[in-house]
Amino acid sequence: MSDAPKPSNFIRDAVIEDLQTRRFKGVVTRFPPEPNGYLHIGHAQAISIDFGAAREFGGRCHLRFDDTNPAKESQEYVDAIMRDVRWLGFDWGEHLYHASDYFEQLYEWAVQLIKMGKAYVDDLTADQMSEYRGTLTEPGRESPYRNRSVAENLGLFERMRHGEFEDGSKTLRAKIDMSSGNINLRDPVMYRIRKATHQRTGDTWCIYPMYDWAHGQSDSIEGVTHSICTLEYEDHRPLYDWYLEQLAIHHPRQIEFARLNLSHTVMSKRKLLTLVEEGLVSGWDDPRMPTLAGLRRRGYTPEAIRDFCERVGVTKAANLRDIALLEHCVREDLNRRALRRMAVLRPLRLVIENYPEERVEELDAVNNPEDARAGTRKVPFSRVLYIEQDDFRDPPPPKYFRLSPGAEVRLRYAYVVKCTGVVKGLGGEVTEVRCTYDPASRGGDSRGRKVKGTIHWVSASHAVPAEVRLYDNLFSVPKPDEVEDVKTVLNPRSLETLTGCRVEPSLAGAAPESRYQFERQGYFCVDGPDSLPAGLVFNRTVGLRDTWAKIEAARA
RNA sequence: UGGGGCGUGGCCAAGUGGCAAGGCGCGGGACUUUGGAUCCCGUAUUCGGAGGUUCGAAUCCUCCCGCCCCAACCA
């Protein structure tokens, strides 16, 4: 997290302006998710902006569920959203609301608009209404039901509420302007009939307000001053303002910003839902998902996500943020905080020929070189170890600093060893590496000798078995949204499960969701749902920067 | 062809008439018991384009080009 003063942005500037001109005397914002899916990194930015503005200006931010469409919403999503907002580090205090809290008030206001001659009950079917709406370039036509009397509209609307009509047979519409260039103003629907059970209001209602009719009025009721939303609602602002003006009630200011897009993933709830429903991922919390639940399970910290949200900035320009920036943010956070451990993902036996059979030493290892307070730990060392298969090559490629026949390498915190030979299997594959150690190099001290490479290891008889899941981008292309069928660009290697891993004994009993840096490899966290005391499961959050991999890749 | 937005390096983004911040990425180097971290250095003679105003323009004016959003009884 940077300590530098946060740069301003147009939203902040607008809020400051409104305070200075006394347009509003305080700041009240709201984060208004619809409970029809899980929150993702894009929502994290909105949450940061909404709660951030409230905090910065000494105001408050409400959490309000925009629950106006019972067909798509559920309690599972409500619970998940609250859990994720809290996890991210924000607190709405007593200010938890639901658009459904206001259904009665909304109904009364609708009656008021009818009485003002500004709303009417329409009998057009959905298809007819679409025809009457016109197109982007041609004006719409007025509905034949547009001029019903106030009395008739009042009666019809009341009967709609009482369930006398079938789903879709009637709507209540605002009477604005069928020839407006802004299609949102062509007599927008305010209510539709839906005989569906709502997760909060049950069967109390069979008519439900549309977003535009519910949102602004909900903001007004709550005394919201700044209703911050994404760009696609910019066209709705004239309607937002129109309703508030007709009703002559408290009028918040709507401000729009460009939604966040991340490379190598998709962000629309619809597409994320598809991935879940088609089983392309294990669920909304699959570690490859850009959801907060997924990022949490992957090992991301709320601090890293908040830092990312601050760094990307707030503008109105279409954008595609590089996922590398998100990864940089976790690395930076975890580098400072994560305890170091040694873990061998793809084990290769290493036998130290001149090390006594039964001997075991407890060597000191630093827990976190970035934080002296983290102290040290003991790591058992013995004659037979496991090292990483990648750390032995025969013949060694140019600039390879690790083990190869005749080469010397340092075993982290242990000894300098020299490779004396290998044992091969029937297929010619290396099954064991032999070496000798220099007793005088205990602790890894090369005593002036140049030992360029240092590799990690675990003692074969002391190590704890573990499963490790290596994650990579869900999609192999930067902009999966631009592809016809996203399934064609799914990254086939987005998940690689390693089962024969060996981790140092201090990791036994590691708590679910605890995070570590496996030295030389990356940041890993204990999987929440799947890890067991008897069967540890680690998820790779992100790899360490790997300049050797770049060198090798460049050569290929 | 209607309405609303937006165009600054590979990706973001400051800048609002005075001579192109910063981050990520990338390239190079130093250091290193993580090929990690850290630290240096480099990375836009130019701000979508063309005219114009001005001593001076990414910033003002004109025209042009490109991109995004809107035609759910979704949000």
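The structure holds 2 cavities of 30 Å³ or more. A cavity is a set of points, on a 1 Å grid over the protein atoms alone, where a 1.4 Å probe fits but cannot get out, and lining residues have an atom within 4 Å of a point. The model is predicted: local features need pLDDT of at least 70 and side-chain atom pairs pLDDT 80 or more, while totals for chains, interfaces and linings use all residues. Residues are numbered from 1 along each chain as its sequence is written, and side-chain values use heavy atoms, without hydrogens and water.

Select Arg-288, Met-289, Leu-295, Arg-298 and Ile-323, which lie nearest the centre of the largest cavity among its 17 lining residues. About 180 Å³ of space is found there. Helix 12 gives the most to this lining, 3 residues.

Next, select Tyr-211, Asp-212, His-215, His-236, Tyr-240 and Gln-254, the lining of the second largest cavity. Its volume is about 40 Å³.

**Then the cores**

Now select Ile-41, Val-85 and Ile-305, which touch the most other members of the largest nonpolar core, a set of 47 residues. Such a core consists of buried Ala, Val, Leu, Ile, Met, Phe, Trp, Tyr and Cys residues joined through side-chain atoms within 4.5 Å; buried means under 20% relative accessible area with a 1.4 Å probe, protein chains only. Helix 2 supplies the largest share of this core, 7 residues.

Last, select Val-121, Trp-205, Tyr-240 and Leu-244, which are among the 34 residues of another core, apart from that one.

Conventions:
Chains are lettered from A and ligands numbered from 1 in the order in which they are written. Buried means under 20% relative accessible area, exposed over 50%, partly exposed in between (1.4 Å probe, protein chains only). Helices (H or I, at least four residues) and strands (E, at least two) are DSSP runs, numbered from the N terminus. On a 1 Å grid over the protein atoms alone, a cavity is a set of points where a 1.4 Å probe fits but cannot get out, and a pocket is an open set with protein on both sides within 12 Å along at least five of seven lines; lining residues have an atom within 4 Å of a point. Grid points are joined across faces, edges and corners, and a volume is the space filled by probe spheres set on the points.
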